Amino acid sequence: MAERRPYIHPYIPNSVPTVRKSMLDAIGAADVEDFYADIPDAIRLKRPLDLPVPLHSEAELTRHVEGLLSRNTSTRQLLSFLGAGCYQHHVPAVVDEVVNRSEFLTAYAGEPYEDHGRFQALWEYQSLMAELLETDVVNVPVYDGFQATATALRMAARATGLTRLVVATAIDPDKLSKVADYVRPGHELVVVPVDPATGRADLAAVREGLDGGDVAALYAESPSYTGLIDPALAQLGEIAHAADALYVVGCNPLSLGVLAPPSAYGADITCGDIQPLGIHMSFGGGNAGFIATRDDEDLVAEYPSRLFGLVPTAVEGEFGFGDVAYGRTSFAIREEGKEWVGTAAALHGIAAGVYLSLMGPQGMREIGETILANTAYARGRLADVPGIEVPDPDAVHFADFPIRLTGSLTAERVSEELLRRGILGGTPLADSRALLFCVTEVHTRTDIDRLADTLKEIAQ
Amino acid sequence: MSAARPSVPVSPKDARIAVKPRLRRFHQARWDEKLIFELGSPGERGVLIPAPDPQVAAEVGDPAAALPTALRRTVPPALPELSQNQVLRHYLRLSQENLGADLNIDVGQGTCTMKYSPKVNDQFVRDPRIAELHPRQHEDTVQGVLEIVHRLEGLLAEISGMDRVTLQPGAGSAAIYTNVAMIRAYFAAKGDPERDEIITTIFSHPSNAACAKTAGFKVITLHPDADGYPDIEALKAAVGPRTAALLITNPEDTGIYNPRIEEFVRIVHEAGGLCSYDQANANGILGITRARDAGFDLCHFNLHKTFSTPHACGGPAAGACGVTEELAPFLPRPTVAYDGSRYTLDDDRPDSVGKMRPFYGVVPNLVRAYAWIMALGAEGLREAAEIAVLNNNYLMHQVLKIRGVSMPYAAGRPRVEQARYSWEQLHADTGLHSEDLGLRAADFGTHYWTSHHPYVVPEPMTLEPTESYSRADLDEYAAILAEVAREAYEDPETVRTAPHRSTVHRVKEDSLEDPATWAVTWRAYRRKVLGA
């Protein structure tokens with residue numbers, strides 16, 4: 001019978017018995033147990049962990065994981081019209097090439113010397129976003145767009161010293177859940193229902209919601225959860241400012257080659273998710289958040305996030321980087337800082353920076369035009385399907401758009417039937433007869449026609 | 001006939017490959033790379049975009065024309081315009097000016113568990129069957145990834161001893177916040193909302209204090225006693241009817257394990273509070289002791305630390321929270337359910353704290369952490385822990401031989417997976433600060449981190465060697481520190497003005513604090529400094 005091969009794990013060099021022994025000898029310790037002397041016996045685990053049999057070799061591990069991955073069917077294999085907070089876009093090869101570099105992928109929190117590259121890439125990310133957003137301050141990414149919105153609202157509350165937060169446009173119920181949790185201590189969150197027929201903000205109701213005069217922020221989205229570019233976005237800013245509230249706008253940065261940056265129509269704080277900017281969807285792992293403001297000392301003081309700044313060095317003509325106003329962070333002063341800061345989503349920021357560098361002003365305009373055109377075309381095609389109504393036909397949508405089923409089909413049934421025909425699509429909305437579809441630059445006319453034809457087939 | 005070559009005398013000794021010096025003659029890449037805004041020229045393109053289909057364009061015209069002028073972009077964003085290979089070259093140069101963990105003996109980033117992130121796990125997550133999955137896909141099309149999430153929850157439940165696990169938090173601090181949110185929801189559900197105080201320790205990560213405060217709690221911070229352990233008398237004085245929870249790390253960031261942890265937990269429980277274990281420092285105790293065994297109600301792991309996922313310049317990371325059955329109703333939604341044949345997402349959880357982030361977590365890192373645990377198994381996890389602790393105590397043994405360094409607290413006691421040292425003596429002798437020494441270390445191709453603020457340990461340095469480094473690596477690292485300390489005594493100016501062989505020299509930090517000069521973006525820099 002073959003003897004068991006000695007097991008030295010490739011991830012653990014000093015498990016070689018002679019090395020282990022020589023190190024213990026060097027310290028003068030008899031056993032590794034000596035180092036655990038402070039852990040009381042009563043709480044020691046007296047048995048091995050009950051874990052599956054390990055797959056020691058890379059070959060075995062790969063085979064096992066491959067078996068699991070084979071039970072996924074990706075958007076490369078199916079035609080997907082899913083959006084609603086996570087978007088299928090083409091990720092340029094250069095973005096992957098850069099973010100997969102070991103130097104970036106495995107770095108963490110070095111100083112601005114040995115990690116100069118990370119600081120420059122993230123400062124450039126801040127700067128590229130700033131050009132897109134027309135703001136002078138953008139943070140190092142926070143976890144995701146939900147967190148960015150929640151923090152932007154708390155920043156507004158701190159900056160104004162007020163506590164009411166009013167939501168004016170359609171918002172993802174999951175995002176609302178996150179925001180409601182996050183602003184619970186000491187804030188009042190008011191959601192003004194949108195016009196049920198069109199999904200547009202109800203300006204009269206918003207005005208009423210701001211009547212109390214104690215409103216810290218009015219929050220709107222462009223596009224809204226249902227993909228609507230509400231034509232009243234600029235008026236909402238005026239309403240907010242007339243009530244001495246800050247205007248906080250969540251936006252999809254990918255739309256800003258064709259749509260005005262929110263700061264241009266009055267936003268005091270802009271926030272959102274950068275996943276559309278060259279970051280793979282990864283089943284929801286690609287989200288990352290941004291917050292942007294004008295360069296106002298009082299607003300800058302309210303950011304919890306890292307803000308990298310460009311500075312000269314001791315050598316003439318050389319530049320370096322550092323943290324701007326570090327003293328406001330929880331790293332500096334624990335609970336006395338603004339909210340908290342920690343590891344979040346920096347590499348996604350680098351990805352977005354590479355993406356914007358590749359896109360340039362032309363690329364951003366063109367992708368916006370293609371998405372607007374595809375969205376309009378898809379809305380038109382789906383409106384022609386019997387049993388489907390596309391609300392508010394004159395409205396402008398970006399990527400996401402809702403449809404309503406007028407026949408006997410439910411939203412869930414439509415999704416199931418589409419999947420049977422190789423199509424992913426339709427995010428069911430609160431109304432069980434309404435669904436959200438999404439198109440981007442990756443969709444061709446043939447794809448959209450196929451969706452419309454398939455829905456026609458299902459409706460019959 | 002060829003010209004005679006100039007004659008260089010060669011001794012037999014020179015003809016051999018020179019023996020390498022004990023310390024590297026390192027120099028980091030210094031490309032003197034411009035800012036991206038100074039590169040390229042108008043009209044260049046990095047990528048091309050599919051144009052609308054002609055028939056589509058003809059049918060829809062310019063949809064934006066229907067928008068009010070104020071909502072249309074009239075001035076293009078002032079983004080740079082570069083050809084594709086210039087963009088690539090720029091960012092590759094920046095990458096070379098960055099010292100990833102894969103390239104250095106990264107034991108100096110204490111508290112961060114800079115272990116090796118296996119490359120094979122990166123391959124898994126680049127597969128389109130992870131990277132190109134939409135989170136709203138029909139459950140039937142994502143059974144594989146749901147299975148991975150569900151299995152990983154089970155593995156971490158066993159490793160922590162907890163009943164249920166969520167993998168939704170985006171990183172460690174988000175996991176702390178998630179635990180605090182669950183604690184708040186628990187007392188609200190019990191009709192006990194008066195519990196508005198959270199107790200933590202100064203050697204626990206600042207996010208314990210900061211997340212508690214953000215969630216509306218008053219924070220009480222325990223300081224160490226003379227031996228460096230959290231002060232149990234201070235804890236007894238702090239607990240009461242307003243105590244919601246204790247948030248504590250063990251071993252703390254000093255590497256000291258608090259042997260009275262069960263007593264801490266009991267004191268808080270007796271006062272009616274919950275106990276939440278920040279397991280950022282779990283790497284040395286995998287398979288040795290578990291959160292549940294010490295009586296904790298909640299815990300969290302940083303998957304980018306203990307479970308090997310890459311640190312990615314500061315995220316994306318991943319956090320995991322474990323809870324007892326009693327707290328399970330409050331877990332973020334959805335949870336992954338399994339009926340023996342099919343995995344589903346359970347969103348119908350009325351007592352849930354709700355969403356902590358979009359969708360289900362940083363899925364690529366969940367896949368990596370799953371693969372890492374599967375590659376090691378129970379025996380391997382324990383081996384990782386033991387070797388991490390051996391490495392730490394070995395490095396300590398080497399470092400404490402260096403002039404000017406000491407290790408405050410718990411004299412003569414071992415440390416678990418990391419150690420916090422002090423250069424107080426060296427500072428007294430030379431006037432140099434710990435930061436200066438860390439920057440000089442960059443000249444030898446590595447670095448170290450001091451500690452979180454406030455510096456309770458004066459002139460701190462926190463080293464955590466993990467299980468990933470060989471004895472030779474640790475010897476090299478200790479030799480670098482010894483050389484830097486020697487220079488501090490013999491040639492302090494070299495240390496004071498370091499780094500010399502890094503990408504850039506010391507920055508002038510003053511402008512970072514002054515609103516008139518700080519420049520968070522190129523736009524701000526243009527306006528403030530260039531006057532454009």
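1. Let me start with how the chain folds back on itself. In this predicted model, residues 24 or more positions apart account for 70% of the contacts in chain A with a separation of 6 or more. Of the 460 residues in chain A, buried ones make up 62%. Chain A holds 14 helices and 15 strands, and its C-alpha trace spans about 80 × 60 × 50 Å along the principal axes.

2. Next, the domains, which are handy for finding your way around. Chain A is divided into domain 1 (79-89 + 362-459) and domain 2 (93-355). Taken over C-alpha atoms, the centres of these two domains of chain A are 28 Å apart. Where they touch, domain 1 of chain A contributes 24 residues and domain 2 of chain A contributes 22 residues.

3. It is worth looking at the domain 1 side of that contact. Two elements of chain A, α12 (346-383) and β12 (400-405), are the ones that give two or more residues to the side of domain 1 that touches domain 2. Of the elements there, α12(A) gives the most, with six residues. By class, this side of domain 1 of chain A divides into 15 nonpolar, five polar and four charged residues.

4. Now to the sheet in chain A. Seven strands form an open sheet in the order β2-β8-β7-β6-β5-β3-β4, and the pairing is mixed. Which strands stand at the edges? They are β2 (137-138) and β4 (188-191) of chain A; each has a single partner strand, so one side of each is left without a neighbour in the sheet.

5. Strand β3 (residues 164-167) of chain A runs parallel to strand β5 (residues 215-222) of chain A, and four bridges join them.

6. Helix α6 (residues 145-160) of chain A lies across β3, β5, β6 (246-251), β7 (269-273) and β8 (289-293) of chain A. Relative to β7(A), helix α6 of chain A runs at about 165 degrees.

7. How many residues of each chain meet at the contact between the chains? On the chain B side there are 178, in contact with 182 residues of chain A. Helix α10(B) supplies the largest share of the chain B side, 22 residues. Sorted by class, the chain B side that touches chain A has 102 nonpolar, 45 polar and 31 charged residues.

8. Finally, a residue in chain B. B:R266 is found in helix α9 (residues 261-270) of chain B. Is B:R266 buried or partly exposed? With 14 other C-beta atoms within 10 Å, B:R266 is partly exposed. B:D231 lies 35 residues apart from B:R266 along the chain, and their C-alpha atoms are separated by 15 Å.

Technical notes:
Residues numbered from 1 in each chain as written. Chains lettered and ligands numbered in written order. Predicted model: local features only at pLDDT ≥ 70, side-chain atom pairs only at ≥ 80, totals over all residues. Pairing = 2+ DSSP bridges. Contact = placed C-beta atoms within 7 Å. Axes fitted to C-alpha atoms, helices over the stretch in contact; angles between N-to-C directions. Nonpolar A, V, L, I, M, F, W, Y, C, P; charged D, E, K, R; others polar. Domains from an automatic or database assignment. Buried ≥ 20, exposed ≤ 12 C-beta atoms within 10 Å, placed from the backbone.
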